[in-house]
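This briefing is for a reader new to the structure shown below.

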Amino acid sequence: MEEYVARHLDEPEGFFMWQVAPSVIFGRNQVVENEVNVDYCRQHGISMYRRKSGGGCVYADMDNLMLSYISEGENVNLAFYKFVNMVLLVLKKLGIDATSTSHNDVMIGDHKVCGTACYHVSGKSIVHSTMLYDTNMQHMTNAITPSKEKLQKRGIESVRQRITLLKDYTTLEGVEALKAMIRETLCVGERMLTEKEIAEIEELEQNYLREEFIKIYK
């Protein structure tokens with residue numbers, strides 16, 4: 001949907017939220033077998049997808065919230081800056097003292113609550129992220145398998161030690177309440193897709209589902 005919006009809708013900016021069934025989503029340049037426990041994902045019904053942006057591997061489910069932001073231009077630093085500050089605004093409104101890093105992660109203390117990635121199409125920048133409101137921690141820690149070298153480099157022992165969950169810092173009751181609060185804070189109007197546009201998005205989706213694009217060999 002975000003690629004379609006960037007390519008076909010004549011809007012200077014666009015923002016939407018989405019959710020997925022249990023899934024692992026990896027960056028465009030990642031070797032899946034080095035980052036993902038493929039056997040675990042298949043045994044537990046966790047889908048595996050590749051995205052067109054770079055960056056690392058994420059686990060997501062219906063307790064996470066995925067965010068997509070489309071803006072004009074191909075200045076990646078400006079796109080990241082705009083988006084990260086949107087996220088910080090939301091967290092500030094929730095009374096949470098959050099910060100950003102040079103890698104465009106959003107942190108609560110020393111733990112990441114939201115990571116970001118970006119790619120370009122047709123003169124537009126697309127920034128997207130996974131906001132960790134809550135998640136199935138067993139799936140997250142078993143489905144994603146960063147190398148020991150990567151973890152040791154960052155001075156940590158596990159995926160769990162790197163991240164935190166937003167639910168532990170807010171009185172919001174569930175991800176639906178978070179969605180309503182984000183919509184109220186960041187959105188100034190809505191653009192409803194037509195049935196024709198939805199059909200064209202579903203056609204574009206097939207490119208993301210091709211085995212040659214996903215490239216899982218194990």
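**Charged residues in a predicted model**

Lys-93 has a relative accessible area of 46%, so this residue counts as partly exposed. The model is a predicted one. Side chains of opposite charge can pair when their charged atoms come close.

- Lys-93 is joined to Glu-184 by a salt bridge, with 3.4 Å between the closest N and O atoms.
- This pair links distant parts of the chain, as Lys-93 belongs to helix H4 (residues 76-93) and Glu-184 to helix H7, 91 residues apart.
- Glu-184 has a relative accessible area of 61% and is therefore classed as exposed, whereas Lys-93 is partly exposed.

**Salt bridges within a helix**

- Glu-176 and Lys-179 form a salt bridge in which the closest N and O atoms are 3.1 Å apart.
- Glu-176 and Lys-179 are about one helical turn apart, because they sit 3 residues from each other in helix H7.
- Lys-179 is buried, because its relative accessible area of 14% is under 20%.
- Glu-3 and Arg-7 also form a salt bridge between their side chains, at 2.9 Å from N to O.
- Both Glu-3 and Arg-7 are part of helix H1 (residues 2-8), where 4 residues, or about one turn of the helix, separate them.
- Glu-3 is buried, at 4% relative accessible area, while Arg-7 is partly exposed, at 41%.

**The network that includes Lys-52**

- Salt bridges link Glu-3, Arg-7 and Lys-52 in a network.
- Lys-52 is found in the loop that runs between strand S3 (47-50) and strand S4 (58-60).
- With a relative accessible area of 28%, Lys-52 is partly exposed.
- Setting aside neighbours within four places in sequence, Lys-52 has contacts that include Glu-3, Arg-28 and Tyr-119. Tyr-208 and Phe-213 are also among the contacts of Lys-52.
- Lys-52 and Ile-126 are 74 residues apart along the chain, and their C-alpha atoms are separated by 9.9 Å.

**Lys-167 in a loop between helices**

- Lys-167 occupies the loop between helix H6 (148-153) and helix H7 (175-186).
- Its relative accessible area of 35% makes Lys-167 partly exposed.
- Not counting residues up to four places away in sequence, Lys-167 touches Tyr-133 and Asp-134.
- A distance of 9.9 Å separates the C-alpha atoms of Lys-167 and Thr-135, which are 32 residues apart along the chain.

**Glu-197, a buried acidic residue**

- Glu-197 is located in helix H8 (residues 195-209).
- Glu-197 counts as buried because its relative accessibility is 11%, and buried means under 20%.
- Apart from residues up to four places away in sequence, Glu-197 is in touch with Tyr-4, Leu-9, Arg-191 and Met-192.

**Negative charge on the surface**

- A patch of negative charge on the surface is made up of Asp-10, Glu-11, Glu-13 and Glu-72.
- Glu-13, one of the residues in this patch, is part of strand S1 (residues 13-18).
- The relative accessibility of Glu-13 is 46%, so Glu-13 counts as partly exposed.

Methods. Residues numbered from 1 in each chain as written. Predicted model: local features only at pLDDT ≥ 70, side-chain atom pairs only at ≥ 80, totals over all residues. Heavy atoms only, no water. Patch = residues over 30% accessible without salt bridge, like charges linked within 9 Å, V, L, I, M, F, W, Y side chains within 5 Å. Areas by Shrake-Rupley, 256 points an atom, 1.4 Å probe, with all protein chains shown as cover. Salt bridge = Lys/Arg side-chain N within 4 Å of Asp/Glu carboxyl O. Lys, Arg positive; Asp, Glu negative; His and termini not counted. Charge placed at Lys NZ, Arg CZ, Asp CG, Glu CD. Helix = DSSP H or I, 4+ residues; strand = E, 2+ residues; numbered from the N terminus. Buried < 20%, exposed > 50% of the residue type's maximum accessible area, 1.4 Å probe, protein only. Contact = heavy atoms within 4.5 Å.
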